[in-house]
Amino acid sequence: MTALDERVAQNHLAQRLVVRPEIGALIGALVVFLFFSIVTDKFLTMGGVATWLDDSATLGIMAVAVALLMIGGEFDLSAGVMTASTALVTAIFATQVGLNVWLALLLSLVFALGVGALNGWLVVRTGLPSFIVTLGTFLALQGLNLGVTRLVTNSVQVSGMRRADGYESTGFVFASTFDIGDTSFRISIIWWLGFAALAAWVLVRTKFGNWIFAVGGSAPSARAVGVPVARTKILLFMTTATAAWLVGSINILRYTTAQANEGIGLEFQYIIAAVIGGCLLTGGFGSAIGAAIGALIFGMARQGIVFANWNSDWFMLFLGIMLLGAVLVNNTFRRRAERVRR
């Protein structure tokens, strides 16, 4: 039996790595990890790890959902405000109406799914860019958040969740902690890892995952081979809304107070994390795991700057450099991947 030439084996390994969208993000995460491990002693302590993982978790949940939508060729600019909207819906029903928190969470989930379905339906029905449609949803939700909250509470916040019936059990599911040694870690980290693993499995192991890539690559071609383009896009918008509901639930049960102006601007962080993780702005290429790694880079950099006692304004410079670098790297890996697949 002829032995496989070592150079051929190495080429096969290199080819397999090249076609992975998340390889650039993984390299970037290793660089950021090593840099702050050297720069500050706090970064690798158990408390430090718990801090930057916690910072990455809720951002990572949304980045993964946004990545799926971007791979499908669409954007959702209402995702950040939606996290605040769902938290406010839960809080109002639980504290002002007096419903059990579990029922309030269910109603806020229905609200989120409705908004997501409406976004998707408008995009596929009108043919308008999702950027425009979801920008309108962003403005509408922002106005609703402020208007309804003022109408109900005469302020811009809703508080009192700790006194609501069902808070203890829901808080355990969405906002509790678990200990590793003497350090407490937030359960949102488990939600993040679980959501990323589920999204990765759906994307690479299911028919729906194939539909997502097909729709993002070329919707007319996908439609021609029988892919339900409209249904796929609507489900992707509903997935983003569901992730926003999960993050909103985690936030309201952790902080017990919801602010009407929360979430504004976070949608760009979600998109940046997805792009750093390997997603192309043109659709059809990306990775759920890569988006989770992109969020991890966010968390490590943001907290690493704090641990190093630097001015936090430098974080925005870091974001700009990472975004530009990620776009260049992603385009390079995409072109190489296309050559390998041929």
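Q: How much of residues 234-256 is helix, and how far apart are the end C-alpha atoms?
A: Helices are DSSP runs of H or I, at least four residues, and strands are runs of E, at least two, numbered from the N terminus. Residues 234-256 are 96% helix and 0% strand, with end C-alpha atoms 32 Å apart. This is a predicted model: local features need pLDDT of at least 70, side-chain atom pairs count only at pLDDT 80 or more, and totals for chains, interfaces and linings use all residues. Residues are numbered from 1 along each chain as its sequence is written, and side-chain values use heavy atoms, with hydrogens and water left out.

Q: Which helices each supply at least two residues of the lining of the largest pocket?
A: A pocket is an open set of points on a 1 Å grid over the protein atoms alone, where a 1.4 Å probe fits, with protein on both sides within 12 Å along at least five of seven lines; lining residues have an atom within 4 Å of a point. Here they are α3 (46-71), α4 (79-97), α11 (229-255) and α12 (266-276). The largest share, 6 residues, comes from α11.

Q: Which of the 20 lining residues are the closest to the centre of the largest pocket?
A: T58, V247, N251, Y255 and L266.

Q: Is T183 buried or exposed?
A: Buried means under 20% relative accessible area, exposed over 50%, partly exposed in between (1.4 Å probe, protein chains only). T183 has 14%, so T183 is buried. T183 lies in strand β3 (residues 183-186).
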